[in-house]
Amino acid sequence: MAMIQKKLREKTKELLAKKEVDLVIGFSDWTLPLRTTPIFIRTPEGAEHLVWNSFCENNLAAYLHKFSRLKVGVVVKGCDARSVVALNLEKRFPNHPPLLIGVVCQRLVDRKKVKKAVKGEILQAVEQGDLLLVKGENFEVSLKRDDFLYPSCQSCTHRTPHQAHILIGDPVEEVSLVETHPEVGEFERKSPEERWDFFEKETSRCLRCYACREACPMCYCGECFVDSSRPKWIEKSLSPSDLAFYHIVRAYHQTGRCSGCGACERACPMDIRLTYLTQKLNQEVKDLYGFETGIQPEAAPPLSTFDPEDQQGFIK
Amino acid sequence: MEKDWQPKILAFLCNWCSYAGADLAGTSRVQYSPNIRVIRVPCSGRINPLFILKALQSGVDGVLVSGCHPGDCHYLSGNYAGRRKSATLKRFLEFLGIEQGRVQFSWVSAAEGGKFSQVVDEVTRDIKRLGPLKKFKKSS
Amino acid sequence: MKNPYLPIPMILKKAQIETSDRLLRTLELGFKNKEDEESFRFIPGQFCELSILGKGEAPLGIASSPTEKGFLKFTVNKAGVVTTALHHIEEGSEIGIRGPLGNGYPINLFEGKNLLVIGGGFAFTTLRSLVAYFLHPEHRAKVKEITVIYGARMPGLLLYKDELLEWERRNDLKLVTTVDWEDKDWKGKVGLVPNVLEEIAPSSENTSAVICGPPIMIKFTFPKLMALRFPNERIFTSLERRMKCGIGKCGRCNIGHLYVCKDGPVFSYAQLSKLPKDY
Amino acid sequence: MKLKLDKKNFEDFLKSLMEEYDLYAPVQPVEGVSVFKKIEQPSEVNLTQLVPQKPAKDIFFPQSEVMFCYEMAGKQSRMNSMEEIKRERILFGARPCDIEAISIIEKIFVGEEYTDVYFLEKRRKTTIIGLGCNHPLSTCFCSSAGGDPFLRAGSDLFFIDLGETYFVELLTEKGAALRKNRFFKEVDPNDLTLVKELEGKAFEKVGYSIPVEGIEKRLDLMTESSFWDRVHEKCIGCAVCTYLCPTCHCFDMVDEALNNKGQRVRNWDSCLFPIYSLETSGHNPRPTGRERTRQRLMHKFNYFPKNFGRVACVGCGRCILYCPVQFDIREALLYASAKRAKGLKRKFR
C-alpha cells in the first residue's frame, strides 16, 4: 500500500506539472482515525497530501459533476471506475472525459464494524500488512484487517480498475464468489413478511438527509423525484410509507447503473442497510440481460435498450 | 379481512391496444370483474415505476399494466422498453416483500376483448386471494 | 398565546384577471370574522402568507391600501402550486391568510418629501398600495409631489389599468407609463424604465425613491438614480425570497443577519450595500 | 440541592418518573445508532453513546411535526391546532451541549414579536435532566464554543456518573419537584471530591483549542473571501451536518392532504439543499455549494451572533463525526481565525 501511495503521488505530480489535468481528486488524511477525506489538488506540490489506504471509502466519481468544466484526474478504485464508465455511457462528460488514475483496491475497512469491536473511542488506527492497529486512550489492539471489510467489499469481484488510464498496483486475480452477494442471498431466504419487516425497520431510521443520494455518483438528476412539487410524488415527512417509497425508488433508479461501491451505505449516519437493495438489482440485470455496470465500456445501459427476445414469462 | 371486501385494482392500459381491447370487451358485452379502475396511457413504455408505487401507496390493492403484444407497438419499441422496466421492478418489489401478484403485466391487443376480461378476472382473483394491501400503504 | 402559524379565514369576494397573458389575477378578500378585521392593521409594503389548505402557503404583497377598509387585495402571478390554486379558486371560497408580515415602506421617512415611485411588471402591487395610501385625502398632504413611473413589456401587462386612467386625470400626481412594445392604442411612452427615468429626470432634492420590479430592471435603474444624485439612504426597494414561516424562524430568506420576511421586505440601498450579495 | 442515586435502582427510578411524566431518553435502535425517543420500558434507555446521532432538539422541535389538522367541507374549513402537550415530560440523559443548544433555539423561536407556540409548549412542559460528560470525545469542543462538559445551565437536574452511583444536583424549581423521589439519597462528602476530580479531567481533555471567540468579527471581513471558493469543494450537499446539529433550526412547512382532510406539517430543512432557497421563478440566490456552505458557516458564526450575541454552535462534534466526507468544522474555524491565517501551513481540505 505504501508503494501505491508513493506512485500515486508521483503520477499526480507529473500530471499536474505537465498540465495534463487541471485538478486531481484524491484522498487525504484528515482529522478522524479510520477515515480519509476527499482532496482537490491543483498544484504538483499538493500531490504530497495524497494517501492510499483501506479507509478511502468515498466514491470520488460523485464529484465529477461539480467539475465538469475542468480537466479532471480522479483516483478510482475498481468500483469507482465502473461508475465513471457508466456515467460516460450516460453522456455525462461532454467536455472532458475524466482521466482515471486507477488503484488496485485491497478492499476497504468498515469503520463502523471496527468501532463495535472495541470499547472506547478510537484515537488512532494504522495498517500494518494484514493487521489493523487500533489505539484508544486505554487500549491498543491489533485486528485482522480482512475480518472488518465492508459488506460491499467482501463481495467485490472487480478490484482492479481495468478501465483506468493509469493503473497503479498489480492487477489481482478477481475472486468469483460462490454467492455473489451473500447479503442478498441471506435476505432472499426470509419470508416475504420478514423481508418487508426488515426493510421497513431499516428505513424507519431514515432522516431523509439524502446522504445516500448525494454520495452516489449516479444520483445526478437536476431535480430528484423527492423534491418535485408538480407532480408531488412523495410527502416530506417521516411516515414509514414515504420512507419506504424513497428507498425503493432511490435503489430502483440505480437499476443497471450501480457499480456496487457501497458509498450510499457508508454515507448513512443512521447505519441503514442499503447495498443489499442495489446488489439485488445488479443481480437481476445480470441474470436477465447479462449486464454488469461499467465492465464493457460500450454496452448500453440495460434499461435504455431492449432485445426483442427478452424474457417475458411473467407477462400474461 | 372484512367479509365484503372488494379489492381496488388500478389498470394502466395502453391507448392503442389494451384500451381498445377493453372497449371491445365492453361493446361485445363480455363480463369481467368490476374491480379495476382504468387509466389510459399512450404506451406501456410510458409507465414510470413511480406510477405503480404511487398507486400502491395511495390505497390500491393491486396494479395491472397492459400494452400491445411484442412487435405490435404503435411506437415500434415502447413495449419492449417497458418490458425491461416491468421485469426488474416486479422482481424488486417481490424481493422487498410485496407479495407476488400485486403488480401484474399483460399483453392485450385491440382484438382481444375476451382476453382482456380473462386477464382482469385472473388479476382480481389473485388479489382477492392476497387480501387488502397492508405493506407500504399510507395510513391516513 | 397567539399562534403565528395559524391562518385567519378570509372569503374571496371578487376575483379578476388583470393582464392579457392571463397570468395575473387580483383577489379581493373579505374578513370572515369581525374581530380579525378589527385587529388587522397594516402599512403599505407589508405582505401576507396566503394559504390554501391542501396546497400550502405563498407570500404575497398587499396591493390594497390601509385606507381601503373592509377588504384586502392581492395580485397573484400564476407560477407554482399555491399560486396556481389561487388562480383556480372560486369566488365565495375560503382562503387563509397570515399577516400582516414584514416591515412595510418607511411611511414616516417619506413625510414632507417628494416621492418617486418606480415600478416594473407585476411588482407594482405594494407600490399601488403605497400610492393609493398617499392619494387618500387624509394623507395626501403628508408628501409633496408624487411621481410614478410604471413600465411593462406590453400595454396588456400593466396592472390596475382602470386605476391608472384615473391617476392620469389627477393633477396631484404625475404618472408616466411606459411599455417595451406599444400597440396601436398606446398613448404612453415607449421604452425601458431606466431610460424613461433618465428622460424625465426627476430632481433628487428632498425626494425619496421607491423601486420595485424584475431584477434586470432594478439593475439598470439603480445607476440612473445614482446619476440623479439620489443618496443610498433614500432609495428603497422591496425584496423577494423563498419564504415559509414569514416570521423569521424557518431560516432560508436571510440576507446576512437580516431576514427578508421579518426585517424586510423593504430595504434601503444603504442597508443592502452592507449585506452579502446573497439575493 | 445535592443528592445521589444508586445505579442498582436506576431502572426503578426511571419507572417512578414514568408514573408522572412522559420520559424521553436516548435509545439504540441498532448498535452504534442512538436517538432520543419516548421510553416505553426503562430497559430501553441506553447512555453508552456520548453523542447520539439525533440531538435532543428532536424532543422540542421534532423532525416532523403536525402543526394543525384541517377538514374541508365545500368552501368552508375547520382547523385544529396541535400544539398542546397533555402530559408533562422529562428529558433524561441529554448532554450539556444539547441542552445549551435548546436555549439557543429558544432565542429564535421565542421572540418578542412572534413566538413559536409548538416549541414553547414543549419547552415549558419539559423537565430536563442533564448528564455530565466524564469522557468527552476527541471531536468535542464545547469549551471553545462557550460551554463545558459539565455545564449546568439549562438543566433542571444534573446527573454525574460516579461509577456505582449517580451524583444528582437539583438546580431549578422544576427540578426541585423531584426531590422527594424515593430513590434519591444523601450525598457523601467524598462524592463531591470525586465530582471535582472528574470535572477537572474532562475540562483538561476538551481544552480550548478551537478559536470560536472573535470569529464573528473575523468573518465580517470574509464574506467575499476566496476561502469560500475552496471550502465547499468536498461538501456533497447532504443534510447530515444540519439535521444532526443541535442548534440548526431551519424548517419547511408543507401541506399533506387526502380528499377533504389534511394537515400542515413542518419538517426540518437544510440550507445545504439547493431547493431550500430555490424560488418559483427558477432563480436561486444561493446557486452553488459555495454560497450554501457559506450560509451554513456564516449563519452559525456571524449572523446568529449578530442577532443573538452567541455563536450557534455548541461544539458537540456531530457534524464532524457523521459527515460522509469528513468536512471538519473545527478546521474551517481554524482556517478562518486570524491567528491561523497569518502563518497558514496546513491547507484547508
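So, in chain D, the C-alpha centres of domain 1 and domain 2 sit 26 Å apart. Bear in mind that this is a predicted model, where local features need pLDDT of at least 70, side-chain atom pairs count only at pLDDT 80 or more, and totals for chains, interfaces and linings use all residues. Residues are numbered from 1 along each chain as its sequence is written, and chains are lettered from A in the order in which they are written.

Domain 1 of chain D covers 2-60 + 77-206 and domain 2 covers 215-342, with bounds from an automatic or database domain assignment. Where they meet, 24 residues of domain 1 of chain D are in contact with 18 residues of domain 2 of chain D; contact here means C-beta atoms, placed from the backbone, within 7 Å. On the domain 1 side, helix α3 (residues 96-109) of chain D gives the largest share, 9 residues. Helices are DSSP runs of H or I, at least four residues, strands are E runs of at least two, and both are numbered from the N terminus.

Okay, chain D as a whole. We get 13 helices and 12 strands. Its radius of gyration is 22 Å, close to the 20 Å from the globule rule for 349 residues, so chain D is as compact as a globular protein of that length. That radius is taken over C-alpha atoms, and the rule is 2.2 Å times the number of residues to the power 0.38. The C-alpha trace of chain D spans about 70 × 65 × 40 Å along its principal axes.

Conventions. Two residues are in contact if their C-beta atoms, placed from the backbone, lie within 7 Å.
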